[in-house]
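Visitor: Hi, I'm new to this one. Can you show it to me?

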Amino acid sequence: MKKILFITSLFFLAVSFDTPTAAQKEPAFETGEFFKFRIHYGLVTAGYATLEVKESVRNNKKVFHAVGNGYTTGMAKLFFKVKDNYESYFDNVTGRPYQYVRKIDEGGYTKDQEGFFNQDKNTILVKDYKNNTEKTFSTPENIQDIVSTFYYLRNHPNVDKLKVGESIVIDMFFDDETFKFKLKFIGTEDLDTKFGKVKTMMFRPLVQSGRVFKEEESLTVWISDDENKIPLRIKATLAVGSLKADLESFKGLKHPFYIKVKK
């Protein structure tokens, strides 16, 4: 459950770009975009997660403000209560983040942090309000936070040119360190969704062993094969069955949503 909420807030996933100029293409999203995901084990709903794009101001310029929330519901809330808030303020041209917010409560495990990026000096100042500490970390160029990654990746100009088996790597700052986020393109599929049959691109995320996921874990992500690059499904294969996050509702898409066969 915790890992699915992490991935959903990421979303999640398309492919990275290697240089800032890659973000100059027509954006895949705009202010007002909203996604809601249902997290479930079979027919049993375990929780929900949302992602929304707002507008804000940083460094005297308008920027995107993405807000992600995840929470358990029903019986799952009784066994493992989750209430997560992830936010990112990032440039609406380059996609580089200015600031992130992470406020989480996952079964009693809590964090309350803000990170402030200095992209010119390749540093980030992390303020930990729970422990009343501040610390500055060095970062690689073009570093991303967990939420900005999703939006940054959706604008990759060559995503439609990827070949099966190719992987993309991006530097992401999370939990007070930078790690390599690797995304592997595994093919296309016509996916049955609540909206109808949609042509999708499938990806498998891998990160450093011992971090949020183990490399051998089977996680698969489906995104719409159109200009929006909408996250439609995230699936974690477990020892018994699978845990899924399916897109439940949306609004404010920048481009038409192509559905091959509508329900």
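Here is a short chat about this chain.

Guide: This is a predicted model, where local features need pLDDT of at least 70, side-chain atom pairs count only at pLDDT 80 or more, and totals for chains, interfaces and linings use all residues. Residues are numbered from 1 along each chain as its sequence is written, and side-chain values use heavy atoms, with hydrogens and water left out.

Visitor: How many helices and strands does the protein chain have?

Guide: The chain has three helices and 15 strands. Both are DSSP runs, numbered from the N terminus: helices are H or I, at least four residues, and strands are E, at least two.

Visitor: How much of it counts as buried?

Guide: Of the 263 residues, 52% are buried. Buried means under 20% relative accessible area, exposed over 50%, and partly exposed in between (1.4 Å probe, protein chains only).

Visitor: OK, new topic. Where is Tyr 41?

Guide: Tyr 41 sits in strand S1, residues 34-41.

Visitor: Why is Tyr 41 called partly exposed?

Guide: Because its relative accessible area is 37%.

Visitor: How far apart are Tyr 41 and Ser 242?

Guide: In sequence, 201 residues separate them. In space, they are 6.4 Å apart, C-alpha to C-alpha.

Visitor: And Met 75, where does that lie?

Guide: Met 75 belongs to helix H2, which covers residues 74-79.

Visitor: Is Met 75 buried or exposed?

Guide: Met 75 is exposed, because its relative accessible area is 55%.
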